[in-house]
Amino acid sequence: MKKFLTYICLFSSLLLVLGIGFEVMLRRIPNSYKFKQEIIEKNSDKVKNLIIGSSVTNCSINPAYLADSTYNISLSGQWLRYNRILLERYIGQLPHLQNVIWGISYQTLWIDDCISQDKISIANHKIYMGIETDKDPLYNIELIATGSISFRKWSKYYLLHKKTMACDSLGLDHGFDSTERSHAWLQDIPRLIKGHSASQEPTAEQTFRDNIRRLNDVAGLCRNKGINLHLVIPPVHKLYYELTYPAQVAQMHTALEEIAAKWDNVRLYSYFNDNRFGDDDFHSGNHLSADIGAIKFTQILQHDIWNNDSVQTKSPVHPQRP
C-alpha cells in the first residue's frame, strides 16, 4: 500500500510538472489579446482615433485608410462588456483621443462575455489583458479554462509552426484575408444566421437591456471627455442579409437610433444592406476580407465620418505585417 501511494505521488508530481510546463509554453504563444493591449499601451500618447468591437471591425476597418493616429483594438468574440471595460481603463491615458468607432454586428446586442456564453473569452481577458470579471481562480489557468482549445493552440504553434496571430502594426487582423477564405463560405451562411439570431432564452431580453446600458455608459463617458462616438454596422453579404430576421434587424436599428438621438456626441452609420459590396469583398457572410473588402469599406467610412466631422485626413500608410 505504501509503495502504491508513493507511485501515485510520483505520478501526480509528474503530471503537475508537465501541466506547469505546458501552461508556460501556452503563455509564450503570440495572441491577439496581448498584442492589442500592447498596441494601445505603446501608442497611448499618439492615439487620436480608436476602433473597438468584435470580429466585424477586427477585420473590416483598416486604420491605414482613416485619419491620422488610428488604431484597431477590436477582438474576435469580444462583446460590449469588454469593449466598455477596455475603454474605461484606457480613456484617461489617451490625452489626444478624439473619436471612438464602435462596430456593431447583427447579433451583438444579444450576446455577452459571461460564463453562460463564453468562458474562453473570460479566461483570455483575465490572463492576457488583466481584466477580471470572474473571481474563479481557474480562469487564471489557460489549460483548465480553455481545455482542448489550448491543445490545438499549442499544436498549431509548436508542432505545425503556423501563425497564431495575424494582426498588422495598426491592429487589422489579416487572418481574414481573401486568401484565407473557405471554399464553402457561401454554403455556410445559413448556419451562421442560425447561430447569430437572437436567443429565445429568458435571459436574452436582459442581455439586450444590459448591452443598451453599456452603450449608453460609453456614450456618456465619451461625452464627458469631449470624444465623438461613432456606432458602425458593417456590411454583410446579400445572402446573409436575406436570411436575417426582419424583427431582429429592426430592433437593432431602433435601439441604436435611440442612443444616437439621446447623445449629441453619438452618430450611427449603418451599412448593413449596402449593395456596393459583392462576393469578392467578403471573407464570410458577415466579415469583409481584410485585404480587399476592408479597404473599400474603410474608404467609404473615412468619407462619411471625417467629412461630417471636418477632421484632418491623411494618405494611406503601410502598416507592418506580423
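In which loop does H161 lie? The model examined here is predicted; local features need pLDDT of at least 70, side-chain atom pairs count only at pLDDT 80 or more, and totals for chains, interfaces and linings use all residues. Residues are numbered from 1 along each chain as its sequence is written, and side-chain values use heavy atoms, with hydrogens and water left out.

H161 lies in the loop between α7 and α8. Helices (H or I, at least four residues) and strands (E, at least two) are DSSP runs, numbered from the N terminus. H161 is not a glycine, yet its phi is positive, at about 55 degrees. Its relative accessibility is 64%, so H161 counts as exposed. Here buried means under 20% relative accessible area, exposed over 50%, and partly exposed in between (1.4 Å probe, protein chains only). S69 also has a positive phi, of about 60 degrees, and is not a glycine either. S69 is found in the loop between α3 (55–58) and β2 (70–72). With 16% relative accessibility, S69 counts as buried.

Confidence was examined next. pLDDT is the predictor's confidence in each residue, from 0 to 100. The protein has a mean pLDDT of 89, and 91% of its residues reach 70 or more. Among the elements, helix α1 (residues 2–27) has the lowest mean pLDDT, 76. Strand β7 (residues 287–288) has the highest, 98. Over residues 309–319 the pLDDT is below 50. This stretch still has 28 contacts in the model beyond near neighbours in sequence, a contact being heavy atoms within 4.5 Å. Where pLDDT is low, the predicted coordinates should not be read in detail.

I189, L192, I193 and H196 are buried. They cover an arc of only 100 degrees around the axis, which puts them on the same side of α8. The arc is that of the directions from the helix axis to the C-beta atoms. R191, K194 and G195 are exposed on the other side. The cover over the buried residues of α8 includes α10 (238–243) and α11 (246–262).

Aromatic rings were then paired. Rings of Phe, Tyr and Trp (its six-membered ring) pair if their centres lie within 6.5 Å; planes under 30 degrees apart count as stacked, over 60 as edge-to-face and the rest as tilted. The count comes to ten aromatic pairs. In one of them, the ring centres of F22 and F151 are 4.9 Å apart and the planes stand at 35 degrees, so the pair is tilted. F22 lies in helix α1 and F151 in helix α7 (residues 148–159), so the pair ties together parts that are 129 residues apart in sequence. F22 is buried, with a relative accessible area of 13%. F151 is partly exposed, at 46%. For Y271 and F297, the ring centres are 5.1 Å apart and the planes are at 80 degrees, so this pair is edge-to-face. Both Y271 and F297 are buried. Ring pairs also link F22, F151, W154, Y157 and Y158 into a cluster.

The cysteines form zero disulfides, a disulfide being a pair of cysteine sulfur atoms within 2.5 Å. The closest cysteine sulfur to that of C59 belongs to C167, and at 10 Å it is too far for a bond. C59 is buried, at 0% relative accessibility. C222 is buried, with a relative accessible area of 0%.
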